[in-house]
Amino acid sequence: MILQPEEAKVSVYDRGFLYGDSVFETIRTYAGEPFALDEHLARLERSAGRVAIPLPLPRADFALEIRRAIRAARNPESYVRAMITRGSGPMGLDTGLAEKALRVVLVEPLQALPATMYRDGVAVTTFKTRRAADEVAQGAKVSNYLTSMMALKEARAAGAHEALILDGSGDVLEGTTSNVFALTQGVLVTPPEEAGILVGITRAHVLEVAGELGIPVRVERLPLETLRSATEVFITSTLREIVPVVRVDGQEIGARVPGRTTRAIHAAFRQKVGLGAEP
Ligand code: PMP
């Protein structure tokens, strides 16, 4: 059923609303086509599996529904949020109280991001915490982002674009809604899945593109000190692609402007998705 946003309603007993008991994906289109839809749906299925939410329909059928919703929205480009909640039922934490998993697909016009972000780079702050989901379901994209929201709130209050999450030993994990890369002594480093990150789809494509460009890559722990002394740092996410980071906690990184390697990777990524080199 496709509805206008103001007509679409979810029960107040839905566990996604009551407890954040749901998983989701953020997807975007290029030329109207959902980018990496299979990869997103595979991750959604993995997330659902890690918190034992039964998929309400086969993955291929969900893909068809998502494509149908995108077509119906008729946006030049779309931002899509595909969610699965455990469903509604009597209140209580017992997951057995949920009656039937619910799926929701939200489609909005994709908002262009300011070109200055890519041209000048952004500032980030750091914040020691853990994603709520990682306590019980490492790597699952569970809708409860409260710890990340608090980190981002602090970042924005400091005039920064994103907060980088640090683990207990001070290693950099990822952004609140992005993955992080640092170019250090000519090697591109990004933290591994075991460190407790959400394995980004954009991250995977960047790793591939870096390989194609002949840039040495290491997936390993990233101490904050390494990040601070890196020549280039960037973050990646579906909606932002690749964004250069030029300041961490007020300290300037490398040459203080987006680096050559970051720009080369972004240009190659954009070519891969069928766009021109400049954002
Ligand atoms: N980490 C977290 C915690 C995120 O929420 C996101 C956004 N989905 C990412 C990383 C980046 O992932 P992707 O490239 O798949 O958008």
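User: Two strands pair if DSSP finds at least two bridges between them. Which residue of β3 stands opposite F24?

Analyst: M83 of β3 stands opposite F24. The model is predicted, with local features requiring pLDDT of at least 70 and side-chain atom pairs counting only at pLDDT 80 or more, while totals for chains, interfaces and linings use all residues. Residues are numbered from 1 along each chain as its sequence is written.

User: How many bridges join β1 to β3?

Analyst: Strands β1 (residues 22–30) and β3 (residues 78–85) are joined by seven bridges and run antiparallel. Strands (E, at least two residues) and helices (H or I, at least four) are DSSP runs, numbered from the N terminus.

User: What is the strand order in the sheet?

Analyst: The order is β2-β1-β3-β4, an open sheet of four strands with antiparallel pairing.

User: And which are the edge strands?

Analyst: They are β2 (33–34) and β4 (102–109), each of which pairs on one side only.

User: Turning to the ligand, which residues come nearest?

Analyst: L198, G200, I201, T202 and T238 come nearest, out of 13 residues around the ligand. A residue counts as near if its C-beta atom, placed from the backbone, lies within 6 Å.

User: Which element gives the largest share of that shell?

Analyst: Helix α6 gives the largest share, with three residues. Two or more residues come from each of α6 and β12 (232–237).

User: What is the make-up of the shell by class?

Analyst: The shell around the ligand has nine polar, two nonpolar and two charged residues. Here Ala, Val, Leu, Ile, Met, Phe, Trp, Tyr, Cys and Pro count as nonpolar, Asp, Glu, Lys and Arg as charged, and the others, Gly among them, as polar.
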